[in-house]
Amino acid sequence: MSAFEKKRYYVVLVLLGVLTLVYLVHLFNIQILNKSYKQKADQNALRYITEHPARGLIYDRNDSLLVYNDAACDLMVVPNELRPFDTAELCKVLDITKEDVEKKIEKATKYSKILPSLFEQQISKEDYGYLQEKMYEFPGFFVQNRTLRSYPNPIAAHILGYVSEVGEEEIENDPYYKMGDYIGKSGIEKAYESVLRGKKGKRVVLVDVHNREMGSYDNGAEDEVAVPGTSIWCTLDMQLQRYGEELMANKRGSIVAIEPKTGEILCIISSPSYDPNLLVGKARPKNYCDLLEDPKKPLFNRALMASYPPGSTFKLANGLIGLQEGIISAGTVYSCSGGGYHIGSHVVHCHNCGGLNIYSAIQRSCNTYFCRLYYNILSNRKKYKTVQDAYNAWLDYMHSMGFAQKYETDLPYELKGSIPSAEYFDKKYNGHWNGNTVVSMGIGQGEAAVTPLQMANMLAVIANRGYYIKPHVVKAIGSKDNRNTEYDEKIYSKIDKRHFETVLQGMRQVVTSGTGRGAKIDGIEVAGKTGTAQNPHGRDHSVFALIAPVNNPQIVIFCLVENAGFGATVACPIASLMAEYYINREVKRTDLEKNIKEMRF
């Protein structure tokens, strides 16, 4: 062999050695270091199934079950595993169209070609059996067990809330959620989502070429057990809630009842309402759209989100402020004559009540008395230099009783109502205004707008003689004995305790011999206040505020029925029947009850 040939031989040998080394390094990288190829191979034989935990149950304050779980499943799809299948048969099984199938697969493919995506959610246990028999016909699809919320009593929809699929924003904000997961969207379901949802688990199974599960992978070594959600005891009294919804049937409005010493909401009714079972399962999207488009707005929570003129029930707060400011005492008399309170040519009409003190003014709901009182509060130049200063002091009192603010408890989507600032009136009247300019606020009209929840809370302040605990709807978490202590703080108003006894005496006279005589309950001392809230869009709203029993209050109730006229005719008997039912657990005034249930507004 010549020197040239030897040189060429060694060059070729080196090149082969380098190529062999490169090949071996690449094989080592593929088989040992790089896991992606193994993962792709595993994904052809393994299926990673999320084990969704059962959500926590929801009970009422007396251990009655309000929300439980029913068996269901989701149909999942892995786009990369799809093979030709009978689309018509799948449409028949799921009761969907071919276009639906194409859109769902396209959506899943955009999310991930190799990860499971939700194809059809919340399939009932009845449909699941039939679907399971057909799964071998649909390669790339598999069934994932889930649970559906179920409501044994079709009540309290607004406060319990509902569950539905997570959106993109929720997935971005919390890594716990993946596409196809469910989340509480409103009510208790939303407020206590982290408690109710539990913790997801994982199951890894072997799958054959016919899309059939062949058992656990590696004897379940990689499986993770799901942790069920924690149960909750809410403050609602299921029987009272149901009774209130029956009384409010075919009416629009709201009832809020609170146990004053604890701030626990006993019932919270927004009418019209809906059966919470409508927002469960495959029919949920259609039912939600139907409810959303219903002109009666059954999805709208009037108790937390509607702002109404408070009407004459607002006179109670103004009476307390007048007493605290020393503008009046219990014996101060204002005269009501000439048809009402006169401001130039304008008259706030009243009934020529004669000479009244605070007791009889509340009893007869005298507009003249409370207009004069409100004017004098804002005209107190011995204490305040300007009307703006006096108004701001009045507004501070209102804030201390819970008005014009959110309570920030476990009541999602609560609104704070509106009581304007002094700056608002400065701008509106170019700085030239006084107590008479805004005197309608003294009788709960004008710019004042409050929620039914805030009015019920004001009644709790009166019942407690000066303080409230933030209204809330969850009593215990995990067990009935594990009381929710988050809302125990007493929030004191700026009104001295002694003044509440004066106002309560006036409210007592409302029921014994005044405008609210229809609220009388045998054997129970009731205090109340009627109201008629003006409505520029139609007939006035009927309003009633109730506290019972007076000396040991167990319940306060605020009732507003839209377009029902005088407070004494509709809201008063409804609130009274509610109090009678709650305290006695029966109603003896059956004729009145029947009459109220037959009313329509």
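**View 1. Cysteines without disulfides.** In this predicted model, the structure contains zero disulfides. A disulfide would require two cysteine sulfur atoms within 2.5 Å. For C366, the closest cysteine sulfur belongs to C350 and lies 3.7 Å away, which is too far for a bond. C366 has a relative accessibility of 0%, so C366 counts as buried.

**View 2. C267 and C559.** The cysteine sulfur closest to that of C267 is in C559. The separation is 9.6 Å, so the two are too far apart for a bond. C267 is buried, its relative accessible area being 0%. C559 is a buried residue of strand 22.

**View 3. Burial of strand 22.** Strand 22 spans residues 555–561. Seven of its seven residues are buried, and the strand is therefore largely enclosed by the rest of the structure. Both of its faces are covered. One side carries I555, I557, C559 and V561, and the other carries V556, F558 and L560, all of them buried.

**View 4. Strand 22 with strand 21.** Strand 21, residues 541–548, pairs with strand 22 in the antiparallel sense. Seven bridges join strand 21 and strand 22. The two strands form a hairpin, with six residues between them. Opposite C559 of strand 22 stands F544.

**View 5. Strand 22 with strand 11.** Strand 11 covers residues 253–259 and also pairs with strand 22. The pairing is antiparallel and runs over six bridges. V556 in strand 22 has I258 opposite. V556 is buried, on the side of strand 22 that also holds F558 and L560.

Conventions. Residues numbered from 1 in each chain as written. Predicted model: local features only at pLDDT ≥ 70, side-chain atom pairs only at ≥ 80, totals over all residues. Heavy atoms only, no water. Buried < 20%, exposed > 50% of the residue type's maximum accessible area, 1.4 Å probe, protein only. Helix = DSSP H or I, 4+ residues; strand = E, 2+ residues; numbered from the N terminus. Pairing = 2+ DSSP bridges.
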